[in-house]
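Please examine the sequence and the structure before reading the solutions.

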Amino acid sequence: MDFSVLTEHAGEIGSGFLMTLWTWIGGVALALAAGLVIAVIQLSAGPWIRGALRCYIEVIRATPFLVQLFLLYYGGPSFGLSLSPMAAGLIGLGLYGSVYFAEIFRTGFTSIPQGQIEAAQMLGLTSRQIVCRVQIPQMLVLILPALVNFTTILGKETPVLSIITVPELTFVLTGVGAETFAYVETLLALCVGYFILAELCSRLGQWLERRASLYLTQGVRTPRTLKPQETAA
Amino acid sequence: MSVLPLTKNGHEVMLEARGMSKRFGEHTVLRDISLSIQRSEVVCLIGPSGSGKSTLLRSLAFLEAYDDGEVFVEGELLGYDRAQGGRRVISRPARLREVRRNMGMVFQQFNLWPHMSVAENVMEALIRGRRLSRAKARKLALETLEKVGLVDKADAWPNRLSGGQQQRVAIARSLAMSPAIMLFDEPTSALDPELVGEVLQVMKHLAEEGMTMVVVTHEMGFAAQVADRVVFLDGGQIVEQGAPAKLFREPSSPRLAQFLKNYLERNSLFDDRPAANGTCL
């Protein structure tokens with residue numbers, strides 16, 4: 001084996017790595033935002049909208065990501081939707097991830113006791129305030145492990161983007177392999193690259209979970225120190 | 001200030017149910033309930049479990065949407081708007097909040113928000129709803145916590161408090177919004193027996209200050225001492241109501257007599273207590 005191939009193409013590989021990181025972060029951000037919106041709408045909307053969302057979730061969950069991506073990128077133009085590989089990749093990851101995140105958020109919402117919500121309603125809080133101030137802060141702590149888990153899974157779906165020519169790590173390294181016939185070296189490098197990313201993600205997740213559980217058991221966020229004028233006379 | 005409807009005696013009606021019914025599917029939980037509560041009146045709802053007393057209270061707050069009849073809060077129809085053609089539609093959330101603005105509610109399970117400190121629990125609605133500054137909200141929160149004797153716990157976390165303390169925080173959280181009517185849904189049922197007293201004490205003070213209160217309770221002693229009127233429900237209907245002295249000493253319906261007898265038997269320490277019509281309450 002000759003790993004010098006890797007050092008010779010270090011520049012390309014580095015930019016591929018960064019591209020993977022960027023599509024991952026972008027895709028997760030889109031998926032999280034869309035997932036939260038879907039979950040909130042599912043909570044409050046009428047039966048028709050809920051049914052439509054249910055269908056959307058089922059369809060996305062039942063079809064492979066690769067097929068969805070092909071449909072978006074190659075099929076898009078027939079619907080008047082011409083996307084660059086990068087845009088198609090990000091939107092594809094966002095759509096694919098949104099339904100899984102939506103399900104995680106939905107479990108989170110239902111885990112908050114109804115009584116806490118009723119108390120908030122009786123105190124005149126709006127539904128938006130209840131979601132933002134009562135439900136989300138509490139449920140984030142509970143669903144964080146699931147969120148981190150699916151974020152890692154979504155990271156490992158990013159190689160699929162290489163098929164629509166997004167120049168991310170897999171695209172670059174398989175290219176280098178084909179060019180130099182160093183297939184094994186490049187595939188091993190690929191494994192190492194994704195391992196580093198997944199490891200980063202899980203470390204970040206562990207750190208967040210630790211913070212969150214401290215927050216829940218109320219060690220970290222000691223209540224604010226009082227300013228003198230705030231103390232009751 | 002709206003002009004409130006008056007009773008025959010010239011009292012202001014704060015809360016009124018007229019011919020209200022509530023069904024869960026096929027099962028009728030409340031049947032044709034009419035109840036009128038005047039300013040400063042303390043009304044206790046008693047009855048066996050499943051009699052509909054909690055559902056009645058929750059309907060008076062529109063936490064349950066009643067099906068027939070009407071509920072008026074300070075003269076305003078609660079939960080529904082009149083639509084064209086005499087039909088009615090469920091109010092928009094903003095309208096519901098408006099009609100409920102002077103109503104506070106205390107729950108059996110306290111329902112404090114565990115991710116906020118005691119003071120923050122009380123401040124939340126003041127900041128979000130009443131649009132007070134943090135400083136003003138905190139000042140008001142501390143004043144209200146003082147009333148329930150928990151100002152020293154302002155920066156504690158709810159789950160570090162005893163049940164009784166949590167319930168007093170929940171009462172303070174409602175009181176801080178300066179409600180005109182307070183609804184209590186079995187406020188002491190989830191408490192250890194020795195913690196019941198401190199909560200009832202706070203409620204007693206509130207009653208003495210003239211708060212209009214509707215209390216679903218199993219505490220007959222509290223009802224006897226504090227209530228102006230006790231309402232006995234069974235099978236989703238008001239069976240009997242009246243002043244506690246009258247109701248507890250001379251129940252006119254056999255069902256209430258039986259209910260009181262069971263209560264006394266359950267709560268008597270020795271067998272030689274007089275078992276008849278509850279004279280020892």
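**Exercise 1.** Determine which residues lie nearest the centre of the second largest pocket, and which elements line it.

*Solution.* The lining of the second largest pocket comprises 18 residues, and those nearest its centre are V28(A), T151(A), C201(A), L204(A) and L208(A). A pocket is an open set of points on a 1 Å grid over the protein atoms alone, with protein on both sides within 12 Å along at least five of seven lines, and lining residues have an atom within 4 Å of a point. Two or more lining residues come from each of α2, α5, α7 and α9 (183-216) of chain A; helices are DSSP runs of H or I with at least four residues, numbered from the N terminus. The greatest contribution, 6 residues, is that of α9(A). By class, 16 lining residues are nonpolar, 2 are polar and none is charged. Here Ala, Val, Leu, Ile, Met, Phe, Trp, Tyr, Cys and Pro count as nonpolar, Asp, Glu, Lys and Arg as charged, and the others, Gly among them, as polar. The volume of this pocket is about 410 Å³, taken as the space filled by probe spheres set on the points.

The model is predicted: local features need pLDDT of at least 70 and side-chain atom pairs pLDDT 80 or more, whereas totals for chains, interfaces and linings use all residues. Residues are numbered from 1 along each chain as its sequence is written, chains are lettered from A in the order in which they are written, and side-chain values use heavy atoms, without hydrogens and water.

**Exercise 2.** Describe the lining of the largest pocket by element and by class.

*Solution.* The largest pocket holds about 740 Å³ of space. Of its 26 lining residues, S44(A), I117(A), Q121(A), S127(A) and I130(A) are nearest the centre. Elements giving two or more residues to this lining are α2 (10-44), α5, α6 (114-122) and α7 of chain A, together with α2 (93-99) of chain B. The largest share, 5 residues, belongs to α7(A). The classes are 13 nonpolar, 8 polar and 5 charged residues.

**Exercise 3.** How do the axes of α5(A) and α7(A) cross?

*Solution.* The axes, lines fitted to C-alpha atoms over the stretch in contact, come within 8 Å and cross at roughly 135° for α5 (residues 85-111) and α7 (residues 127-155) of chain A.

Methods
Axes are lines fitted to C-alpha atoms, for helices over the stretch in contact, and angles run from 0 to 180 degrees between N-to-C directions. On a 1 Å grid over the protein atoms alone, a cavity is a set of points where a 1.4 Å probe fits but cannot get out, and a pocket is an open set with protein on both sides within 12 Å along at least five of seven lines; lining residues have an atom within 4 Å of a point.
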